[in-house]
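Subject: Structure handover

Hello,

Here is the structure for your files. My notes follow below it.

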Amino acid sequence: MNDSQDRFDRRTTIHDVAREAGVSIKTVSRVARQEPNVNKKTRDAVRAVIDRLGYRPTASARGSVSARSGLLGLILENPNPAYSLDLLRGAQKAARDNGYQLVVELLDSPDIAPAIVDLVIQSNLEGLIVPPPLCDNPAIMQALESLGRPFACIAPNAQPPHGLMIGMDDREAAEAMTRHLIGLGHRRIGFIMGRKGTATTARRLQGYRDAMAAAGLDAPEDLIAQGDFRLRSGLAAGALLLDRPDRPTAVFASNDDMAAGVLMAAHRLGLDVPRDLSVSGFDDSATATAMWPPLTTVRQPVPEMAAGAAQLIIDHQRAGDEDPPRCRKLPFQLIVRESTGPAPG
């Protein structure tokens, strides 16, 4: 395949230009926007690479950096549709209430950091909302730091040096749910983890372990199953935990979709919920009340977190000489429904 055909099949990105010219992404952006604060030698070199590679930023990206676009971005890469919809609902309302429009991008590219940078620059976004697991990706955080535009992470593992952050205490919430089950008399409590490698998964697992340890109860590895936040993984993990003689009397899943899968596994085995088995979830998504029995769960304020992330960005855009807060924490709520009850026997 020749060079011209390759450029036709794969759109040239700002990363391609920066790599070829040996400059930063921000410098390429300044040249593309025709800003004055780039020396002539660098400008000419970058311009030559732009022309040779056929890089074509959008009209909004070529506009002046000082011109407001009125656009905020929300990027998604989450297998849970209920969670993504709650993020969208919250972010869109906050954007609309403040006179902004929301640009939503579902990302499935293997080279995700350059795709995000291209989105920000070519759409001329004034800020970007970054939910998990994207906010825990070091390459994405480094790329966003290099752009110098405000971005807000939802429930990240740690606050980025120059980013904004909003979240809730996942560890404390998981500990509270586990204490609830212990208070009902359960001693063998199974736990289903979410997607591997995410901060959310680690914090919720730690909360479960902390509550078990504080009550003097064991949390052996055979009571902990791996999931990925999807219903099918909850069904598989539930079958693994329940189809044995020493099954737990309660199972706490890291989100409602996986808890729904546990309910399905229990029904297949002829177990009555909650008489034979208590099941609890996390999120209080629409799934929690679509199941029978309805799920005891932790209400995670997902729409409020997305709205708060948008508001943090907008407040910083409008701050002037003021220094608005960079971090906010929202409360969780334990929602007790019919899927949990006293331990059998």
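How do the residues of the lining of the second largest cavity divide into nonpolar, polar and charged? This is a predicted model, and in it the lining comprises seven nonpolar residues, one polar and two charged.

The cavity

The structure holds three cavities of 30 Å³ or more.

Strands of a sheet pair through backbone hydrogen bonds, either parallel or antiparallel. Here, four strands form an open sheet with parallel pairing, in the order E7-E6-E8-E9. Strand E7 (224-226) and strand E9 (278-280) are the edge strands, each pairing on one side only. On average, neighbouring strands of the sheet are turned by 15 degrees against each other, with direction ignored.

Strand E8 (residues 250-253) pairs with E9 in the parallel sense over three bridges. Phenylalanine 252 has serine 280, in E9, as its bridge partner.

The helices on the sheet

Helix H10 (residues 199-214) packs on the sheet and touches strand E6 (189-193) and E7. The direction of H10 makes about 170 degrees with that of E6. Helix H11 (residues 231-242) lies across E6, E7 and E8, and H11 runs at about 150 degrees to E6.

Regards

How values were computed: Residues are numbered from 1 along each chain as its sequence is written. This is a predicted model: local features need pLDDT of at least 70, side-chain atom pairs count only at pLDDT 80 or more; totals for chains, interfaces and linings use all residues. Side-chain values use heavy atoms; hydrogens and water are left out. Two strands pair if DSSP finds at least two bridges between them. Helices (H or I, at least four residues) and strands (E, at least two) are DSSP runs, numbered from the N terminus. Axes are lines fitted to C-alpha atoms, for helices over the stretch in contact, and angles run from 0 to 180 degrees between N-to-C directions. Contact means heavy atoms within 4.5 Å. On a 1 Å grid over the protein atoms alone, a cavity is a set of points where a 1.4 Å probe fits but cannot get out, and a pocket is an open set with protein on both sides within 12 Å along at least five of seven lines; lining residues have an atom within 4 Å of a point. Grid points are joined across faces, edges and corners, and a volume is the space filled by probe spheres set on the points. Ala, Val, Leu, Ile, Met, Phe, Trp, Tyr, Cys and Pro count as nonpolar, Asp, Glu, Lys and Arg as charged, and the others, Gly among them, as polar.
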